[in-house]
Amino acid sequence: MGRNRMRRRLIAGAAALALTTTTLTAPAAAEPVAGLPTTSFPLGAPGIPKSAAKSLGPGISYFTLRHGSAKDGYTVSVVVAGKDFMSESNAQAQADAVQVAGFTPTVVKFTRPAVADFPAGDYYMVRVGGWPLSQKAEAAKVVKQLKDAGVSAKVDFQGDDGFVTTGPWSVRVIVVDPRTFRGSYRSSVGTSVAKREKVSAMATAAKAVAAVNGGFFDIHTLPAFRGDPTGISVVGGKLLSEAVPGRVGLVLKGRTARVTELSSSVVARAADGTTVQVAGLNRVPQPDEVVLYTEELGRETPKDDGVEAVLDATGKVLAVRDTGGKVTRGMRVLHGVGAGADWLSEHVTEGTTVRITTRVTDLRTKRAVPLTPETNIIGGAVGLVRGGRTTINPGRDGMANTNMILRRHPRTLAGVTRNGKLVIAVVDGRDPGGTIGASFFEAAELMRWLGARDAINLDGGGSSAMVIGKKVVNHPSDGVERGVGDALLIVPAP
């Protein structure tokens, strides 16, 4: 006997699942004179969040916020090619397969809203059932039954999907007022650019009063190099990782901070006057590149079929060697592969001098950023707020996809207010019933509410960590603190 054909339900877009982007055109909240804003929390139902405040020292305030309540539960989402959203035709085909398996599918149409550099898009999801938080196991049983019927699916917490929610949100905020703060802001890559390190370890080494994780790092390179920031990193005036041209970053100098788009350039000039563009710093080279390694690399250079030139602090070539060697203290190594190796072999010889010229450019002002010992730069990933208006740029930053734009994740955010205060926020997430994280839109709204005139999204997910003293005060979604590429440190005056 065949199974009865189940009824398919279509829910069309915002009529059923409105997106939480309706406040994007609201004016930015006025910067509070002291403490948190007294206006309603910008996410979820209107209301003042529960909060607590603590001073970490002159000019440094620390706040904890909670807002909202847990009303989302679990559903089962069909997955195709690793994604839970698809075209209408694919959704129809998957809905048929779900029906054949004996379940009632719900086809959900949604619109991923447009951002500054990426258009809106319509997508479809196929979902089955709904269960409260206490019945996740029941959803898992359905996933197994669908799998047995040849349909790939997953248990999906509905609070993650970026649609309307009641929360809750758990947020930690640090506000530093340069008018009374007497310390400095710094960046750190830890003991090695190549190796990932915990924020707490970097904070302890610098005797920082507070710290958060920095930008994204390269998880797709060789395992020994996965601490390399995927964007600009300047520590103590020294460029340690090149900029992705036009990507936003946080420029720190003393106790001043600003958000801007950046580019970097490194050029090597041989003694015979020929030059080559150095494509990267402290990372694995791509075909035909020349890459510069500094002593902060913290390990041997990659072993490949290229050529290396070892330079002392003056640029004198101490040796031309095979790849895979050490970068000793005070030395730099030019590493070439393919055409890059050919250039080194033809123009660089032992005993000659190679001049390395480094420049970082602020693309808003079109001026060079002075690389003094006080200068530190952390590369962000996505701009969120510019000039007090929500301006989200994931296309430029390589993150223009539905998962990053719309779905909620733990977030680490940094911004600067109109009068120069540094605002740092960590939004915990991936904790159903506890805290749900934020989408890019929600992250921008939060930072505007906190008074940021300019704000960026740093690394998030399991990397999001806030350290006060030596203690991680938020709840990283991995369950433990993760090693990261770099960190933003708030260091008290000596």
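Two strands pair if DSSP finds at least two bridges between them. Helices (H or I, at least four residues) and strands (E, at least two) are DSSP runs, numbered from the N terminus. This is a predicted model, in which local features need pLDDT of at least 70, side-chain atom pairs count only at pLDDT 80 or more, and totals for chains, interfaces and linings use all residues. Residues are numbered from 1 along each chain as its sequence is written, and side-chain values use heavy atoms, with hydrogens and water left out.

**Strands and sheet**

- Strand β27 (residues 411-417) runs antiparallel to strand β28 (residues 422-427), and 6 bridges join the two.
- Gly415 has Val423 of β28 as its bridge partner.
- Both strands belong to an open sheet of 8 strands with antiparallel pairing, in the order β2-β3-β8-β28-β27-β29-β25-β26.
- The edges of this sheet are β2 (50-57) and β26 (389-390); each has a single partner strand, so one side of each is left without a neighbour in the sheet.
- Elsewhere, β9 pairs with strand β33 (residues 487-491) in the antiparallel sense over 5 bridges.
- Tyr185 has Ile490 of β33 as its bridge partner.

**Pockets**

- A pocket is an open set of points on a 1 Å grid over the protein atoms alone, with protein on both sides within 12 Å along at least five of seven lines; lining residues have an atom within 4 Å of a point.
- Grid points are joined across faces, edges and corners, and a volume is the space filled by probe spheres set on the points.
- The largest pocket holds about 440 Å³ of space.
- Its lining has 24 residues, and Phe216, Ile219, Met399, Met404 and Asp459 are the closest to the pocket centre.
- By class, the lining of the largest pocket has 7 nonpolar, 11 polar and 6 charged residues.
- In this scheme Ala, Val, Leu, Ile, Met, Phe, Trp, Tyr, Cys and Pro count as nonpolar, Asp, Glu, Lys and Arg as charged, and the others, Gly among them, as polar.
- The second largest pocket holds about 300 Å³.
- It is lined by 22 residues, and Ser187, Ser188, Val235, Gly236 and Asn376 lie nearest its centre.
- At least two lining residues of the second largest pocket come from each of β9 (184-188), α4 (199-206) and β13 (238-241), and β9 gives the largest share, 5 residues.
- The lining of the second largest pocket divides into 9 nonpolar, 9 polar and 4 charged residues.

**Cavities**

- A cavity is a set of grid points where a 1.4 Å probe fits but cannot get out.
- There are 3 cavities of 30 Å³ or more in the structure.
- The largest cavity holds about 60 Å³ of space, and Asp84, Phe85, Phe110, Met125, Asp161, Phe163, Thr402, Leu406 and Arg407 line it.
- Its lining consists of 5 nonpolar, 1 polar and 3 charged residues.
- The second largest cavity, of about 40 Å³, is lined by residues including Gly215, Phe216, Pro229 and Asp486.
- That lining has 3 nonpolar, 5 polar and 1 charged residues.

**Record annotation**

- An unreviewed UniProt entry places the feature "domain: SPOR" at residues 74-153; UniProt positions follow the numbering used here, feature names are shortened, and annotations may be inferred rather than shown by experiment.
- In the model, residues 74-153 are 32% helix and 31% strand, and their end C-alpha atoms lie 13 Å apart.
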